[in-house]
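Here's a quick briefing to read with the model open beside you. Take a look at the fold before going through the points.

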Amino acid sequence: MCTQKPPHDYSQQLYDKYRESFEDYITSTVLPSLREKHDEFMLKELVKRWGNHKVMVRWLSRFFYYLDRYFIARRSLPPLNEVGLTCFRELVYQELKVKVRDAVISLIDQEREGEQIDRALLKNILDIFVEIGMGQMDYYENDFEAALLKDSAAYYSRKASSWILDDSCPDYMLKAEECLKREKDRVAHYLHSSSESKLLEKVQHELLSVYASQLLEKEHSGCHALLRDDKVGDLSRMFRLFSKIPKGLDPVANIFKQHVTAEGTALVKQAEEAASSKKGDKKDVVGLQEQVFVRKVIELHDKYVAYVNDCFQNHTLFHKALKEAFEVFCNKGVGGSSSAELLATFCDNILKKGGSEKLSDEAIEETLEKVVKLLAYISDKDLFAEFYRKKLARRLLFDKSANDDHERSILTKLKQQCGGQFTSKMEGMVTDLTLAKENQTSFEEYLSNNTNANPGIDLTVTVLTTGFWPSYKSFDLNLPAEMVKCVEVFREFYQTKTKHRKLTWIYSLGTCNIIGKFEPKTMELIVTTYQASALLLFNSSDRLSYSEIMTQLNLTDDDVVRLLHSLSCAKYKILNKEPNTKTIAPTDHFEFNSKFTDKMRRIKIPLPPVDEKKKVIEDVDKDRRYAIDASIVRIMKSRKVLGHQQLVMECVEQLGRMFKPDFKAIKKRIEDLITRDYLERDKDNPNLFRYLA
Amino acid sequence: MNKLGRSNRDKVQQFMAITGASEKVALQALKASDWHLEGAFDVFYSQPHIRTYTDTRHLEELYHRYKDSYADMILVDGITLLCNDLQVDPQDIVMLVLSWHMKAATMCEFSKQEFISGLQALGIDTLEKFRERIQYMRSELKDDQKFREIYNFAFGWAKEKGQKSLALDTAIGMWQLLFAENQWPLVDHWCQFLQARHNKAISRDTWSQLLEFARTVDPTLSNYDAEGAWPYLIDEFVEYLNENNIVQKSHMDDPAR
């Protein structure tokens with residue numbers, strides 16, 4: 001019928017007839033049967049009819065395959081199977097689509113309420129929506145999906161509005177999570193996969209976005225409360241849920257930050273109260289309370305870092321929130337000591353002998369690691385460095401360091417975190433001691449080789465490189481004759497080693513072992529050089545007045561008072577004081593206490609160190625001024641011309657690694673540089689500066 | 001010249017043709033007389049813009065009248081005598097203007113060079129001419145640009161030789177003097193503030209920036225920019241004014257800052 005030439009070519013008629021037959025069949029049989037049924041029955045019928053239809057189309061297309069190959073191609077007509085499907089679509093689908101859709105949606109809602117429904121049926125129905133598009137998803141999306149989304153939104157909106165009133169935050173979240181799970185499940189079972197993201201988004205919006213702030217701020221069960229009560233599981237759920245909605249995590253991170261800040265600030269306050277109830281004379285010393293404070297801050301940090309890593313899945317927003325929170329309270333001092341000082345003292349306690357001997361090496365390493373991490377939050381890092389350096393000097397010089405490895409280890413950690421410049425001096429100090437030991441060995445060799453150069457006393461000298469160590473004032477102490485010889489001998493020795501270096505003797509740091517011939521028994525006293533010099537005065541006089549001692553020693557009042565106090569009013573009374581009061585007065589007189597004794601043969605008489613706090617702060621301020629100057633000059637040298645605001649900004653950025661410069665300080669330095677002719681103001685714009693070469 | 005209207009340009013041309021003066025001078029004279037040619041002529045001829053001929057012999061005589069007996073310069077006694085002759089108080093600000101013309105290095109002394117070149121610039125070679133010019137010198141203080149130059153000159157002139165900064169007392173005296181001519185309502189507060197809080201010498205930068213401050217920031221401080229590059233001392237002054245409620249604080253909350 002088709003291969004003959006026209007007018008005997010019946011292709012067109014065949015083609016038309018093909019369609020007609022479908023149309024007839026549908027109109028006569030399919031439609032009526034569908035029209036008389038409803039709801040689920042209708043759906044079942046539809047599935048059956050559609051199935052039949054597909055089979056018919058397949059077979060009939062095969063019969064008339066010839067048309068497909070030649071006729072259709074030539075005339076650019078739709079292929080046979082498409083014709084067949086289109087018939088169904090135009091006649092059945094278009095008429096019933098709304099009914100079908102509503103039926104499906106109502107079944108879905110029933111399932112949501114907990115009823116069992118025929119999932120396979122729904123899958124088949126929805127397949128129709130998809131297949132009817134013949135490659136396009138338009139029909140599915142427009143005729144079904146849109147309505148589904150609208151209905152789902154309405155459904156969950158209703159549910160949410162009642163849950164939010166009745167349920168606590170954790171319960172609500174549980175329900176929300178469950179709903180999302182179920183919807184996902186739904187998609188997997190019978191909805192088309194393309195609906196998943198759209199559906200979930202709608203549900204999330206209705207359940208979470210709309211009520212986000214109400215949920216988080218629920219008084220007894222909201223985010224704050226969960227944090228307070230350490231409800232880790234609920235917080236994890238909160239994170240999971242809120243990370244799905246746009247900007248959902250911002251408020252959570254904010255509440256987290258507020259909470260951590262509040263906790264930290266409470267610790268500060270606690271420590272502050274404990275510190276202010278200290279006794280008056282101990283106010284400047286960093287005491288036990290402050291150490292406890294640092295430990296608590298470390299614990300707080302550990303706790304919340306764990307939170308960020310576990311509940312909040314290492315999200316950057318929460319790392320940032322944690323950092324900002326710690327920066328707020330870590331920069332608050334306690335009891336008159338800055339946080340930098342507290343941290344340095346804490347390290348000192350760990351590293352010195354008798355500090356933390358109960359802890360294992362591992363535990364110490366861990367603690368040091370954590371301390372270094374806390375340092376990142378402190379803005380006055382240079383202040384910490386200076387305090388640390390001072391205390392390191394004491395530990396090294398008075399042999400109070402517990403473990404050399406730990407000392408080096410913390411320096412490595414500090415170097416990693418803050419850069420080489422931060423630790424270069426300290427490393428120099430540690431190296432100096434090693435060199436000093438070698439030096440001492442050569443000194444002893446020298447002595448054994450030159451018997452006439454015998455100082456008469458066992459002498460150990462530690463030579464320090466000036467730049468590395470903190471600056472010490474050296475007073476012209478009048479040494480006892482015996483010690484003068486020692487100094488001479490060493491000086492000669494040192495000349496043999498290097499000709500170009502100058503030795504400055506710091507007697508305030510020396511120690512001395514003296515044999516005291518007391519009546520009960522002879523004892524060995526370990527004292528500082530100052531104390532030794534004072535005691536040796538009594539070899540030639542039995543009784544000395546305060547002013548005599550001072551004149552003979554050539555020291556300041558402060559030093560004399562301190563050292564006499566340690567020898568006559570403290571635990572061991574080597575000297576008798578007249579009058580026998582608890583404090584030193586310039587009118588006092590002193591006598592050698594021949595009756596002194598102790599059960600030990602060897603005792604150490606400590607001389608409490610001068611409080612270095614003020615000096616450290618002064619030194620750091622001075623260094624900062626130089627640093628700001630250098631930074632301004634550096635910036636201006638490269639930029640040549642720069643506005644005031646920008647100069648200040650760049651300066652702050654450059655110096656930020658070590659400290660936070662004060663705007664006023666920067667302004668003052670700029671003015672100073674103008675006076676020193678490094679910079680000038682622009683003639684026309686006083687807000688602009690020029691570099692003067 | 002290009003910014004002027006047609007008629008004004010014509011006036012300038014005319015002025016220059018008649019008086020033989022330079023364009024700059026013509027502009028000045030016309031501006032001072034509000035663009036009336038007749039008035040401009042008056043202004044011009046009563047002021048020695050052009051270098052009138054000065055007799056060097058007379059100048060030498062004048063110099064010798066005031067010169068110190070031992071040093072080849074005019075010192076305090078000479079200056080007192082000069083002021084007497086001119087019927088002017090030695091503390092009168094006009095002496096500052098005179099020093100400025102002479103480019104005097106330091107106050108209370110004039111070198112021969114400074115004296116003679118200064119008088120030449122002013123077209124003075126006799127005492128009568130000198131007395132006449134006094135009025136003119138006073139009027140120069142009213143000119144903004146000249147006042148600024150005189151003000152900035154005053155710093156170097158008033159400070160001790162060899163010092164970089166100006167002693168506070170001297171500075172305060174100078175400020176009182178200068179701002180009597182060119183009113184600044186906050187000058188007294190400024191001086192009080194310095195005596196109470198600062199008590200140190202004044203740097204050149206602070207000195208010159210103060211004039212800018214007085215000129216640009218209004219007495220209620222409404223347009224003061226705290227983030228600006230004002231010298232530290234001026235920032236402190238503003239704080240002082242606020243603390244003592246001399247200025248209404250509400251202006252400080254201006255969001256336009």
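What follows covers overall shape, a charged patch and some salt bridges.

Keep in mind that this is a predicted model.

**Overall shape**
- Along the principal axes, the C-alpha atoms of chain A fill a box of roughly 145 × 60 × 60 Å.
- Of the 693 residues in chain A, 44% are buried.

**A negative patch on the surface**
- Asp361(A), Glu362(A), Asp404(A) and Asp405(A) come together on the surface as a patch of negative charge.
- Two elements of chain A each give two or more residues to the negative patch: helix H16 (361-375) and helix H18 (404-418).
- Glu362(A) has its place in helix H16 of chain A, and it counts as exposed because its relative accessible area is 67%, over the 50% cut-off.

**A pair within helix H16**
- Helix H16 of chain A also holds Lys370(A) and Glu366(A), which sit 4 residues apart, about one turn of the helix.
- Lys370(A) and Glu366(A) form a salt bridge, with the closest N and O atoms 3.4 Å apart.
- Both partners are partly exposed: Lys370(A) has a relative accessible area of 24%, and Glu366(A) has 49%.

**Other salt bridges**
- Side chains of opposite charge can pair when their charged atoms come close.
- Asp167(A) and Lys175(A) meet through their side chains in a salt bridge at 2.7 Å, N to O.
- Is each partner buried or partly exposed? Asp167(A) is buried, with a relative accessible area of 13%, whereas Lys175(A) is partly exposed at 31% relative accessibility.
- Asp102(A) and Arg101(A) also meet in a side-chain salt bridge, at 3.4 Å, N to O.
- Asp102(A) is partly exposed, with a relative accessible area of 41%, and Arg101(A) is partly exposed too, with 22%.

**A salt-bridge network**
- Some charged residues link up in a network of salt bridges, made of Asp109(A), Glu111(A), Arg112(A), Arg119(A), Asp151(A), Glu183(A), Asp185(A) and Arg186(A).

Key. Residues numbered from 1 in each chain as written. Chains lettered and ligands numbered in written order. Predicted model: local features only at pLDDT ≥ 70, side-chain atom pairs only at ≥ 80, totals over all residues. Heavy atoms only, no water. Patch = residues over 30% accessible without salt bridge, like charges linked within 9 Å, V, L, I, M, F, W, Y side chains within 5 Å. Areas by Shrake-Rupley, 256 points an atom, 1.4 Å probe, with all protein chains shown as cover. Salt bridge = Lys/Arg side-chain N within 4 Å of Asp/Glu carboxyl O. Lys, Arg positive; Asp, Glu negative; His and termini not counted. Charge placed at Lys NZ, Arg CZ, Asp CG, Glu CD. Buried < 20%, exposed > 50% of the residue type's maximum accessible area, 1.4 Å probe, protein only.
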